[in-house]
Amino acid sequence: MNIKENIEKVLSALPENVRLVAVSKTKPVEFLQEAYDAGQRLFGENKAQELATKQPQLPDDIQWHFIGHLQTNKVKYIAPFVSLIHAVDSLKLLAEINKQAQKNDRIISCLLEFHIADEDSKFGLLMKDAEVILKSDQFTKLNNIRVCGVMGMATYTEDEQQIRKEFRSLKNIFDELKQKYFADKGEFKEISMGMSGDYPIAVDEGATLVRVGSGIFGARY
Ligand SMILES: *Cc1c(COP(=O)(O)O)cnc(C)c1O
């Protein structure tokens, strides 16, 4: 496995406006350093403690993205340095991120995670849940978070049409939210979708961030 070649291969399939998040969960810091040396600067992790352990061992100009389900009691571990939290699916979590951001004198960027897959097990909001959050008084008072877009995961299936339909539904959600709640917010521009198995479809359907792990660092065991 050649990490540099793998990154170059993925990048060659991405238009200029799409950014690659190298998903390095479970992988040793030596692998991340190799990706860094190949020019990669965005890394994604899905466990707060693992991220907090890796971050000080690697260069300061890495942008760390938290891509997993985040428990409120873990926000404090990543709040000092995290660059984007991808999978926010409750007002309670937004409020905790806001609180920890305030403590660190920062504004933390977040994406709202939507349930687009045909599977019960995945997390994420429905449109109506998101609207309740966005219309609430509590949300408008959260001055230390910045909602920058949406995130979703497609069903794990070979059926390309289904995957495409699910990514398209996330793009539609983004467009509707943009128009109704974020029309004047330039920062609301990200659509995080697509993993090793389906990122070309996600790019076709309007992704701005793709999250690729095994396609760069090899399979996880
Ligand atoms: C692990 C993970 C990925 C990357 O998955 P690969 O199939 O290894 O590319 C992307 N997004 C999330 C949320 C993940 O947890």
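This is a predicted model: local features need pLDDT of at least 70, side-chain atom pairs count only at pLDDT 80 or more; totals for chains, interfaces and linings use all residues.
Phe 182 and Phe 188 are both buried. A pair of aromatic rings is described by the distance of the centres and the angle of the planes. The points below treat the ring pairs and then the charged side chains placed over rings.

- Phe 43 and Trp 64 form a tilted aromatic pair, with 5.9 Å from centre to centre and 40° between the planes.
- Phe 43 is part of strand β2 (residues 42-45) and Trp 64 is part of strand β3 (residues 63-66), so this pair ties together parts that lie 21 residues apart in sequence.

**The phenylalanine cluster**

- The ring centres of Phe 182 and Phe 188 are 4.0 Å apart and the planes stand at 0°, which means that the pair is stacked, since planes under 30 degrees apart count as stacked.
- Ring pairs join Phe 174, Phe 182 and Phe 188 into a cluster.

**Charged side chains over rings**

- Arg 41 is placed over the face of Tyr 36, at a distance of 3.6 Å from the ring centre.
- Lys 76 is placed over the face of Tyr 77, at a distance of 5.1 Å from the ring centre.

Conventions
Residues are numbered from 1 along each chain as its sequence is written. Side-chain values use heavy atoms; hydrogens and water are left out. Rings of Phe, Tyr and Trp (its six-membered ring) pair if their centres lie within 6.5 Å; planes under 30 degrees apart count as stacked, over 60 as edge-to-face and the rest as tilted. Helices (H or I, at least four residues) and strands (E, at least two) are DSSP runs, numbered from the N terminus. Buried means under 20% relative accessible area, exposed over 50%, partly exposed in between (1.4 Å probe, protein chains only). A charge sits over a ring if NZ of Lys or CZ of Arg is within 6 Å of the ring centre and within 35 degrees of the ring normal.
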